[in-house]
Amino acid sequence: MRLSKFFLPVSKDVPANAEIVSHKLMLRAGMIRQNGAGIYSWLPLGFLVLKKIEQIVREEMNRAGAIEMLMPTLQQADLWRESGRYDAYGEEMLRITDRGGRDMLYGPTNEEVITDIFRAYVKSYKALPLNLYHQQWKFRDEVRPRFGVMRGREFYMKDAYSFDVDEAAARVSYQRMFAAYLNTFDRMGITAIPMQADPGPIGGDLSHEFLILATSGESAVFCDKAVLDVPPPGRDFDFDDEAALAAEMDKRTRYYAATDEKHDEAAYNAIPEASRVEARGIEVGHIFYFGTKYSDPMKAEVQTADGNLAEIHGGSYGIGVSRLVGAIIEASHDENGIIWPDNVAPFHVGIISMKPDDAACAAVADAAYAKLTTAGKDVLYDETSDRAGPKFGRMELIGLPWQITIGPRGVKEGKVELKRRATGEKQDLTLDAAIAKITGA
Ligand code: ATP
Ligand code: MG
């Protein structure tokens, strides 16, 4: 993408209501524009990041055997009356009436819709386990939308729903999502710690929130440092291996990790002092086993192996896809701007052409752009005639993992400057050597 042809409305002015660094940086970098309280347009740069995150989530869900689909944002109130949640949900639900006087709502979550789909088609245990997911906008009329996309009213969520014939099978489905989440967040360049969460009225031990550590986090977290060092299951993990699934969960849950809601001072104090971590955290995912909470009132039953009818056991698994855009910035930035982890960066490389009106310089910069694009890299090519200061400032602000600067002096010596955004390390290299470094060739 040539910067002169892109839409990147960077700005120095940040409204006073932008309190935290990710919100400020997203506004300054021209990633989002506020439409109303907690409602944002995703401008091109922000949209690219949102789509990168969505794609990682998709690939990791699919790898774990979940199947993608799409449910609507607007739902019929009647399904929620069946589950008993229409009145219970409270003021966070945006209720709408259509021209025919029918009660509708903008979905804050999708358990009812998916249970209705399930019961319409699935009649036998033989079709189980089943895990269906989508990535879709949600609306929750939060009392206090704030922190930009981190606590929006309209926000983008991945929500998966598992269906199993009994609790034992549902436990395996839960563990599959647990392992998939670890790989998902790892690919985004962040460490998300699973923490025991409140399982609600169902009870049991099967509810975990995944939090990343950041000073602006809304939850206080307490954990054993050791939990941060357990490696993710990895690409080759076998999601059908039940022993391995249980082991992945056990490797982490053996260490203490809890948010303020579940904090147990005595258990925390039992951790050796040097290993205690007391910090702030951002919830980026939440997984949940809820048994027959929906299948019971909504009559979602299947025939079991011995010919009886059984209510299915369900779980739901959320990831805050749009929240992650802000959360990753909270975890990865410096005083000059964002530092995108490689896999979620809007572009891999930024090329700064220092003198686009100098023919020799422009030729090298054009060649860099062509070669990197051919090598399959997403490139933002700054061939504008802006002054050097603003060019460097803008490139730092938007935080692409690699920067190549091409100026007349270097070009005379056959060199370009390659900079790694995360470390600030700079090297003068031939163009081909710089490209080889970026492409890992
Ligand atoms: P929170 O405690 O932060 O309000 P929640 O527990 O109500 O979140 P869940 O129902 O668990 O949220 O939703 C799944 C995921 O969706 C959360 O882990 C979070 O990452 C994301 N999410 C929830 N509410 C919002 C919001 N208002 N804005 C952006 N993302 C959100
Ligand atoms: Mg939650």
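Reader: How far apart do the C-alpha centres of domain 1 and domain 2 lie?

Author: The structure is a predicted model, and its protein chain is divided into domain 1, covering 9-338, and domain 2, covering 347-439. Contact between the two involves 11 residues of domain 1 and nine residues of domain 2. The distance between the C-alpha centres of domain 1 and domain 2 is 38 Å.

Reader: How many residues of helix α10 are buried, and which are they?

Author: Helix α10 spans residues 321-331, and it is largely enclosed by the rest of the structure because 10 of its 11 residues are buried. The buried residues of α10 are Val321, Ser322, Arg323, Leu324, Val325, Gly326, Ala327, Ile328, Ile329 and Glu330.

Reader: Which polar atoms of the protein lie by ligand 1, and what percentage of the accessible area of ligand 1 does the protein cover?

Author: There are 14 residues around ligand 1, of which Glu142, Arg151, Gly152, Glu283 and Arg323 come nearest. An N or O atom in the side chain of Glu142 is 2.8 Å from a nitrogen atom of ligand 1, and a backbone N or O atom of Gly152 likewise lies 2.8 Å from a nitrogen atom of the ligand. A polar side-chain atom of Arg140 lies 3.0 Å from an oxygen atom of ligand 1. Of the 580 Å² of accessible area that ligand 1 has on its own, the protein covers 80%.

Reader: Is Glu112 buried or exposed, and with which side chain does the side chain of Glu112 make a polar contact?

Author: Glu112 lies in helix α5, and its relative accessible area is 0%, so Glu112 is buried. Beyond its neighbours within four places in sequence, Glu112 is in contact with Leu79, Trp80, Ser83, Arg85, Tyr294 and Met298. The polar contact of the Glu112 side chain, at 2.6 Å, is with the side chain of Ser83.

Reader: Why does Thr115 count as buried, and which residues does Thr115 touch, not counting those up to four places away in sequence?

Author: Thr115 has its place in helix α5, residues 111-121. Buried means under 20% relative accessible area, and Thr115 counts as buried because its relative accessibility is 4%. Not counting residues up to four places away in sequence, Thr115 touches Tyr294, Met298 and Ala300.

Reader: What distance separates the C-alpha atoms of Ile114 and Arg144?

Author: Ile114 lies in helix α5 and is buried, with a relative accessible area of 1%. Not counting residues up to four places away in sequence, Ile114 touches Met69, Met71, Leu132, Tyr161 and Phe163. Ile114 and Arg144 are 30 residues apart along the chain, and their C-alpha atoms are separated by 29 Å.

Reader: Where is the peptide bond from Leu128 to Pro129 found, and what is its omega near?

Author: Most residues other than glycine have a negative phi, and most peptide bonds are trans. Pro129 lies in the loop between α5 and β7 (130-139). The peptide bond from Leu128 to Pro129 is cis, with omega near 0°.

Reader: What are the phi values of Phe147 and Lys299, and is each residue buried or exposed?

Author: Phe147 is found in the loop between β7 and β8 (154-164) and counts as buried, at 9% relative accessibility. Lys299 lies in the loop between α9 (295-298) and β14 (301-303) and is exposed, with a relative accessible area of 58%. Neither is a glycine, yet phi is positive in both, near 60° for Phe147 and about 55° for Lys299.

Methods:
Residues are numbered from 1 along each chain as its sequence is written. Chains are lettered from A and ligands numbered from 1 in the order in which they are written. This is a predicted model: local features need pLDDT of at least 70, side-chain atom pairs count only at pLDDT 80 or more; totals for chains, interfaces and linings use all residues. Side-chain values use heavy atoms; hydrogens and water are left out. A residue is near a molecule or strand if one of its heavy atoms lies within 4 Å of it. A polar contact is a pair of N or O atoms within 3.5 Å; within protein, one must be able to donate a hydrogen and the other to accept it, and residues adjacent in sequence count only if both atoms are side-chain atoms. Accessible areas come from the Shrake-Rupley method with a 1.4 Å probe; for residues, only the protein chains shown count as cover. Helices (H or I, at least four residues) and strands (E, at least two) are DSSP runs, numbered from the N terminus. Buried means under 20% relative accessible area, exposed over 50%, partly exposed in between (1.4 Å probe, protein chains only). Contact means heavy atoms within 4.5 Å. Domain bounds come from an automatic or database domain assignment.
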